[in-house]
Amino acid sequence: MNTRELFAEEARSERPDLARMCLLLAAEADPELDERAMDEAEIELDRLAGMLPYGLRDARAWASAVTELLGGRLGFHGTPNDYDRLSSSLLHEVLRRRRGLPILLSVVWLEVARRAGAPVYGLGLPGHFVVGFGDPEDSVVVDPFAGGASLGAGPAELASSPKTPARTLDIVLRILNNIRAWASSRPEQSGVALWALDLSLLLPSHPASLRYERARLLVERGAFREGAAELEAYAEVMDAVDAATAARIRGEAVAARALLN
């Protein structure tokens with residue numbers, strides 16, 4: 001199977017593997033990330049987990065130990081400049097550079113801590129992503145982007161938001177959304193936006209609007225026939241929801257086909 005087939009298979013498994021999905025995702029951006037390189041990234045996560053002390057019991061001890069290792073000794077953290085790099089959304093590059101976006105640094109924290117047996121979970125906040133240790137209702141929350149700094153009582157977003165652990169597939173979709181956002185401001189990177197959309201659509205649950213976004217992107221890239229066909233297919237879906245919107249989308253499909261002449 002190719003990487004997309006493996007990605008789709010993992011997404012539909014009973015317990016999707018977060019690290020595996022992040023690496024399969026990254027393979028779309030980096031042709032050199034083959035099976036061997038993915039294994040090496042997994043081995044690195046295992047190695048980092050093996051550097052944590054044994055016998056830790058409570059959430060605070062786990063949070064302190066993981067933060068001391070990753071954010072302290074090894075220097076994993078983020079900077080504003082990391083938002084400008086696609087590599088900040090690719091797990092193997094984040095492991096190599098020890099820099100990345102909040103959600104990818106959180107993936108490193110999660111995967112290392114889980115491998116060591118810590119009670120850990122990801123927590124999606126508006127515009128940010130952090131990691132919690134212990135019972136979600138009474139946990140210790142740290143910010144990997146800030147090197148694992150404790151949020152304590154936390155910002156208003158943390159105090160007002162339910163501490164619901166993020167599901168693996170929700171984390172993956174959020175990573176793909178970040179990649180699409182990165183590419184959207186860079187017209188020359190429309191190919192990146194396209195594969196991010198393709199992978200998002202392979203997830204069992206995704207916003208239906210992504211089909212429309214993909215169709216429009218195809219037209220923008222000059223694939224007028226394929227884009228028009230997808231616009232028409234999406235219009236059929238919208239017929240039962242919003243007839244006016246469906247009619248508008250059909251108009252876009254007609255315009256796209258006109259560009260073939």
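Which residue in S3 does Gly132 stand opposite? Gly132 stands opposite Val141. Hello everyone, and thanks for coming. Before going further, please keep in mind that this is a predicted model.

Let's start with the sheet around that pair. It is an open sheet of four strands, in the order S1-S2-S3-S4, with antiparallel pairing. The edges are strand S1, residues 120-125, and strand S4, residues 149-150, each of which pairs on one side only. Helix H6, residues 102-115, packs on this sheet and touches S1, S2 and S3. The direction of H6 makes about 15 degrees with that of S2.

Now let me walk you across the strands. S1 and S2 are joined in the antiparallel sense over six bridges, and Tyr121 has Gly132 as its bridge partner in S2. These two strands form a hairpin with two residues between them. In the turn you will find Gly127, with a positive phi of about 75 degrees.

Moving on, three bridges join S2 to S3, again running antiparallel. The hairpin here has six residues between the strands, and Gly134 takes a positive phi near 95 degrees. Then comes the pairing of S3, residues 140-143, with S4: antiparallel, over two bridges. Here Val142 has Ser150 as its bridge partner in S4.

How many of the six residues of S2 are buried? Six of the six are. Both faces of the strand are covered, with His128, Val130 and Gly132 on one side, and Phe129, Val131 and Phe133 on the other.

Is Ser139 buried or exposed? Its relative accessibility is 14%, and the cut-off for buried is under 20%, so Ser139 counts as buried. The side chain of Ser139 makes a polar contact with the side chain of Tyr121, at 2.7 Å. Setting aside neighbours within four places in sequence, Ser139 is in contact with Tyr121, Phe133, Gly134 and Lys163.

Let's turn to the helices. In H1, residues 3-11, the buried residues are Leu6, Phe7, Ala8, Glu10 and Ala11. They pack against helices H2, H3, H8 and H9. At the start of H1, a side-chain oxygen of Asn2 reaches to within 3.1 Å of the backbone nitrogen of Arg4.

The axes of H1 and H9 come within 9 Å and cross at roughly 35 degrees, and this crossing is right-handed. On the H1 side we have Arg4, Phe7, Ala8 and Ala11, meeting Trp195, Asp198, Leu199 and Leu202 in H9.

H9 has another partner to look at, H10, residues 209-220. Their axes come within 10 Å and cross at roughly 150 degrees. Angles over 145 degrees count as roughly antiparallel, so that is how H9 lies relative to H10. This crossing is left-handed. Among the H9 residues that meet H10 are Leu194, Leu197 and Leu201, and the H10 residues include Leu210, Leu217 and Leu218.

Last stop: Ala247, in helix H12, residues 243-258.

Note on methods
Residues are numbered from 1 along each chain as its sequence is written. This is a predicted model: local features need pLDDT of at least 70, side-chain atom pairs count only at pLDDT 80 or more; totals for chains, interfaces and linings use all residues. Side-chain values use heavy atoms; hydrogens and water are left out. Two strands pair if DSSP finds at least two bridges between them. Contact means heavy atoms within 4.5 Å. Axes are lines fitted to C-alpha atoms, for helices over the stretch in contact, and angles run from 0 to 180 degrees between N-to-C directions. Buried means under 20% relative accessible area, exposed over 50%, partly exposed in between (1.4 Å probe, protein chains only). A polar contact is a pair of N or O atoms within 3.5 Å; within protein, one must be able to donate a hydrogen and the other to accept it, and residues adjacent in sequence count only if both atoms are side-chain atoms. Angles under 35 degrees count as roughly parallel, over 145 as roughly antiparallel, 65 to 115 as roughly perpendicular and the rest as oblique. A crossing is left-handed if the near helix is turned anticlockwise from the far one by less than a right angle, and right-handed if clockwise.
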